[in-house]
Amino acid sequence: LALLAVGWSFAALVIAAVVLALLFQQAALRRFDAGLSDLIDNLISGSTIEGGEVVAPALTDQRALRAYSGRYWDIAEPLPNGGVRSLVPSRSLWDSSLQVPADLPERLRANPRKPIAFNAPGVQPGERLRVVARWTSLPGRDAPLVFIAAEDRSPIDRDVRNFFTTTAVAFAILGVGLIVAV
């Protein structure tokens, strides 16, 4: 009976730790995505069409002005065969471009009001990005645009690892206490 109680306690603690870590990760990603969506909203509200060309607003995050800073944005147009073509990239992209799935325009077109979030390789070696893209049109331009914002996701990954480690240690201590009590 004691071994059964120890086994069930251990299983319950492991499952609880994994579920808590996954819930924390989802909450952190939603918060991160909300920040990227805010950046896209600022880009859309400040962008204009002048002489048929898309002009991005001057007011952007300072990190988007430094080359390879980990915070990027791009105003692109969808291509007929899939993918996008960059029209106005942030300075932080320097001579690189954001990698997006080839079916991104199709997925955005299916539900234009809903932004799409996904992970992508970064512009620096080993960098992983969290990317949010949104489909919209601007007055003075017939063709739609895809606004893309991306940021290095290593802070989220580090927070999730720290949370999981702390939770695992706390649950291990709780588990030892339960075993002793049993």
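Arg-71 touches Gly-35, Leu-39, Asp-61, Arg-63, Ala-64, Ser-92, Ala-150 and Glu-151, leaving out residues up to four places away in sequence; contact here means heavy atoms within 4.5 Å. The model is predicted: local features need pLDDT of at least 70, side-chain atom pairs count only at pLDDT 80 or more, and totals for chains, interfaces and linings use all residues. Residues are numbered from 1 along each chain as its sequence is written, and side-chain values use heavy atoms, with hydrogens and water left out.

**Overall architecture**

- Three helices and seven strands make up the secondary structure of the protein. Helices (H or I, at least four residues) and strands (E, at least two) are DSSP runs, numbered from the N terminus.
- The order of elements from the N terminus is α-β-β-β-β-α-β-β-β-α. The protein is more spread out than a compact globule, because its radius of gyration is 22 Å, well over the 16 Å that the globule rule gives for 182 residues. That radius is taken over C-alpha atoms, and the rule is 2.2 Å times the number of residues to the power 0.38.
- The C-alpha trace spans about 80 × 35 × 25 Å along its principal axes.

**Burial, surface and charge**

- Of the 182 residues, 36% count as buried. Buried means under 20% relative accessible area, exposed over 50%, and partly exposed in between (1.4 Å probe, protein chains only).
- The accessible surface comes to about 10500 Å². Carbon and sulfur atoms hold 60% of that surface. Areas come from the Shrake-Rupley method with a 1.4 Å probe; for residues, only the protein chains shown count as cover.
- Among contacts with a separation of 6 or more, 57% join residues 24 or more positions apart.
- The protein has 18 positive and 17 negative charges, and their mean positions are 5 Å apart. Lys and Arg count as positive, Asp and Glu as negative; His and the chain ends are not counted. Each charge is placed at NZ of Lys, CZ of Arg, CG of Asp or CD of Glu.

**Helix H1**

- H1 covers residues 2-46, a run of 45 residues. From first C-alpha to last, H1 reaches 66 Å, close to the 66 Å expected at 1.5 Å a residue. The expected span is 1.5 Å times one less than the number of residues.
- Buried residues of H1 include Leu-13, Ala-17, Ala-21, Ala-28, Phe-32, Asp-33, Leu-36 and Ile-44.
- Cover for the buried residues of H1 includes strands E3 (71-78), E5 (116-121), E6 (128-136) and E7 (145-152), along with helix H3 (154-181).
- Leu-29 lies in H1 and counts as buried at 9% relative accessibility. Apart from neighbours within four places in sequence, Leu-29 is in contact with Arg-130, Arg-153 and Ile-156.
- Leu-29 and Asp-157 are 128 residues apart in sequence, yet 9.6 Å apart in space, C-alpha to C-alpha.
- Ile-15 also has its place in H1. Ile-15 is exposed, with a relative accessible area of 55%.

**Helix H3**

- H3 has 28 residues and reaches 40 Å from its first C-alpha to its last, close to the 40 Å expected at 1.5 Å a residue.
- Ile-156, Asp-157, Val-160, Thr-167, Phe-171 and Gly-175 are buried in H3. Their cover includes H1 and E6.

**Strand residues**

- Arg-71 sits in strand E3. Arg-71 counts as buried, at 10% relative accessibility.
- Val-84 belongs to strand E4 (residues 84-89). Val-84 is partly exposed, with a relative accessible area of 21%.
- Setting aside neighbours within four places in sequence, Val-84 is in contact with Ala-76, Glu-77, Pro-78, Leu-79, Val-100, Pro-105, Val-146 and Ile-148.
- Val-84 and Leu-145 are 61 residues apart along the chain; their C-alpha atoms are separated by 9.2 Å.

**A loop residue with positive phi**

- Trp-94 is placed in the loop between E4 and helix H2 (104-110). Trp-94 is exposed, with a relative accessible area of 63%.
- Trp-94 has a positive phi of about 50°, although it is not a glycine. Most residues other than glycine have a negative phi.
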